[in-house]
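Thank you all for coming; I would like to walk you slowly through one structure this morning. Please look at the sequence and the model while I talk, and stop me whenever you lose the place.

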Amino acid sequence: LGMKFHMDGVLFEMTHLEGMGATADRFLVQCHFGPLVMDQIADALQQALVLNLDMARSGSGVLGIDESLNHLVYSCFVSLHGATSENISEALRDLARLAHEWRAVYSVTLH
């Protein structure tokens with residue numbers, strides 16, 4: 001089960017992965033930070049790797065590249081246990097804010 005939607009001008013994808021036990025309790029959230037700008041790609045990728053290390057230490061998620069769109073994408077698993085519309089909406093708004101901060105630094109222009 002999956003869906004795509006925009007929140008505050010940011011593309012999100014949410015996918016519930018089939019599985020048993022602990023995996024049945026999670027869904028994948030992907031937040032599209034935006035396209036990689038070729039004249040800033042080295043700086044952007046270096047910063048993404050620095051952020052990935054911090055995220056790996058905290059277990060919060062990872063940054064990667066969606067090659068089909070050339071987008072930098074933040075991905076994380078979210079548990080359905082204890083999830084409410086309020087805390088999911090707040091987390092998505094926080095991710096959208098981070099995406100906007102990234103775009104401001106790396107001059108992302110979306111078409």
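This is a predicted model: local features need pLDDT of at least 70, side-chain atom pairs count only at pLDDT 80 or more; totals for chains, interfaces and linings use all residues.

Let me begin with a single side chain: leaving aside residues up to four places away in sequence, Asn52 touches Val62 and Leu63. Asn52 is found in helix α1, and because its relative accessibility is 19%, under the 20% cut-off, Asn52 counts as buried.

Which residues of α1 are buried? They are Ala44, Ala48, Asn52 and Met55, and seen down the axis of α1 these buried residues fall within an arc of 80°, so they line one face of the helix. On the other side of α1 we find Ala42, Gln46, Leu49 and Arg57, which are exposed. As for what the buried residues of α1 pack against, the partners are β4, which covers 62–66, together with β5 and α2.

With 18 residues and 1.5 Å a residue, α1 should span 26 Å, and the end C-alpha atoms are 25 Å apart, which agrees. Just after α1 comes Gly59, which takes a positive phi of about 70°.

Now let me turn to the strands. Strand β1, residues 2–7, runs antiparallel to β2, and six bridges join the two; one of the pairings to look for is that of Met7, whose bridge partner in β2 is Val10. Together β1 and β2 form a hairpin with two residues between them. Asp8 lies in the loop between these two strands, and its phi is near 55°, a positive value in a residue other than glycine.

On to the next pairing, then: β2 and β3 are also antiparallel, over five bridges, and the bridge partner of His16 in β3 is Phe27. Is β2 largely enclosed or largely open? Five of the seven residues of β2 are buried, so this strand is largely enclosed by the rest of the structure.

That brings me to the interior. In soluble globular proteins, nonpolar side chains tend to be buried together. Here the largest nonpolar core has 22 residues, and those with the most contacts inside it are Phe12, Val29, Cys31, Phe33 and Tyr74. The elements that give two or more residues to this core are β2 (10–16), β3 (26–35), α1 (41–58), β5 (71–79) and α2 (85–106), and α2 provides the largest share, with six residues.

Asn70 is not a glycine, yet it has a positive phi of about 60°, and with a relative accessible area of 30% Asn70 is partly exposed.

Terms used: Residues are numbered from 1 along each chain as its sequence is written. Side-chain values use heavy atoms; hydrogens and water are left out. A nonpolar core is a set of buried Ala, Val, Leu, Ile, Met, Phe, Trp, Tyr and Cys residues joined through side-chain atoms within 4.5 Å. Buried means under 20% relative accessible area, exposed over 50%, partly exposed in between (1.4 Å probe, protein chains only). Helices (H or I, at least four residues) and strands (E, at least two) are DSSP runs, numbered from the N terminus. Two strands pair if DSSP finds at least two bridges between them. The expected span of a helix is 1.5 Å times one less than its number of residues. The arc is that of the directions from the helix axis to the C-beta atoms. Contact means heavy atoms within 4.5 Å.
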